[in-house]
Amino acid sequence: GGFGSPSTSSSILPFSTSSLKLSEFRCDLRLVLDEPRCLIVQKSAACWDNALIRVAELVYTNISVRVRVKLHVIMDMNFFEEVTNLPDRLNPTDTSLLLEISLKYRVRYIGSPSTNGDEATVRANKPIPVNCSLFYFEVTIQERGDAGDMSIGLVKKTSSLCKLPGMESGTIGYLDNGRSVKGQSPEPYAQPYKVNDVVGCGINFPKQAVFFTKNGQQFGDISFAARNADLYPAVGMCTRGRELEVNFGNKPFTFNLEHYKAELCAVMRDEVLQTPLPTGSPARVNEIILEYLQYMGYLDTAKSLSLALQTPLSSREDDILKRQVVRRYILCGDIDSAIKSIEEGFPGILERNSDLQFKLRCQEFVEFISAAQAQGDLSDDVLKNVLSIGQELYRMSQQPGTCSPENDHLFQNAAALLAITDKDHDLYHKLTKPSCRANLARIVNAQLLTEQSQEPNPMLEQIFEAIKNLQSQMSRLQRGMTVNIESLLDL
């Protein structure tokens, strides 16, 4: 969900209204709007709901978001995101014919005496996702075999399997003689490795650097442009009898990867906290926070901040309370009570806005079905009631003010829920997860604000929408979780 749609009704800002201090706001959410310098964000690992801007310097023109920034994204002060679809074994169908793969992780050179000396490489089963920021794997030298080169490193999908990693442009490798190579002549790098040694290879996408380890000892970074190519972990060798075992994290690494990640995070943390703030920024920060607190209906906290700032609320307390009640009903799944509160507090809005009424009724339909399934009550009377509601929803979906591909999709998903008995089904999870309620609460809140002649899109939500767009752009540009956007974007 977006920043404006948290999955709980509690305040996004963890402040005690009984002991509110302005310094708490400046500590937890600092925003500078004076000069285009640096934007640094703390981001929840799960979603944007609990994200707080740590330091931000943006350019705004007439309150519209125009951002030229250098962006760092930190997840709970840890910019290493949990990423799926990582390489996790060797690929027996993406290997030289001179190699034999066994037990997913072991590779052996099986060429005949006549092929001895011919280079042979095997790739992992998947490329490294750039949004993982940091990837690392290790190789244990099980058998030395005949004398000859071996290399551990990264290759492209198009790289030849008849070349060792590092021997072609766009690849990199650490040779067993201690040299490194990345498409040119090998250069002195570190110590040689031999039988029983454990050699590791890591890539740091934000730094655009590769490093290698031996028996837990890390060697220096090697600059390596990795933005525009799918990179695969790879091992290569060229002599009979040589055997290696690869570890993609299926067992503990010899190298202390967690310590390495902690050190990188400490550097990032220092950069965040040492970023200077221009003078005069807190006033604008407080305005943005106060606007957002009112937008979300956090009346007590908004009143405390308003009193501390000696700034009046831009909305009437009664209006904030009305929206707060509606939002709470939606977040707890009581759509019927939410509709009644809307009809009482905002007479006529649902008649004038059939699209909003349809979305509420659709969510009510989902809540009704999921509750009946949870209670095991799918009696004839219940099914008759469900069918009646479904028919009414279908009729509504065909009305001029409601008919749209989005609402048609919404109705079809809701109707399909009735046929799903497995709570582990993807569609069941999709329709019943808290973010669906939160998203509806955001939509309804925006409409109610418009009804009250208030701004439906607060500045803080606009900022985080811009940040999400930047992060998406970063991923498309394969820049990891840290990127210099300054020359790329002007939103």
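Predicted model: local features only at pLDDT ≥ 70, side-chain atom pairs only at ≥ 80, totals over all residues.
**View 1. The pairing of strand β12 with strand β11.** Strand β11, which covers residues 150–156, pairs with β12 in the antiparallel sense, and the pairing runs over four bridges.

**View 2. The hairpin of strands β12 and β13.** Strand β13 (residues 179–181) also pairs with β12 in the antiparallel sense, here over two bridges, and tyrosine 174 has serine 180 in β13 as its bridge partner. Three residues lie between the two strands of this hairpin, and in the turn glycine 178 has a positive phi of about 95°.

**View 3. The packing of helix α6 against helix α8.** Helix α6 (residues 335–345) packs with helix α8 (residues 354–375) at an angle of about 155°, and the axes of the two helices are 9 Å apart. Because angles over 145 degrees count as roughly antiparallel, α6 and α8 are therefore described as roughly antiparallel to each other.

**View 4. The residues that meet between α6 and α8.** From α6 come Ile335, Asp336, Ile339 and Ile342, which meet Leu360, Arg361, Gln363, Glu364 and Glu367 in α8. Sorted by class, this contact of α6 with α8 has four nonpolar residues, four charged residues and one polar residue.

Definitions and conventions. Residues numbered from 1 in each chain as written. Heavy atoms only, no water. Axes fitted to C-alpha atoms, helices over the stretch in contact; angles between N-to-C directions. Parallel < 35°, antiparallel > 145°, perpendicular 65-115°, else oblique. Contact = heavy atoms within 4.5 Å. Nonpolar A, V, L, I, M, F, W, Y, C, P; charged D, E, K, R; others polar. Pairing = 2+ DSSP bridges.
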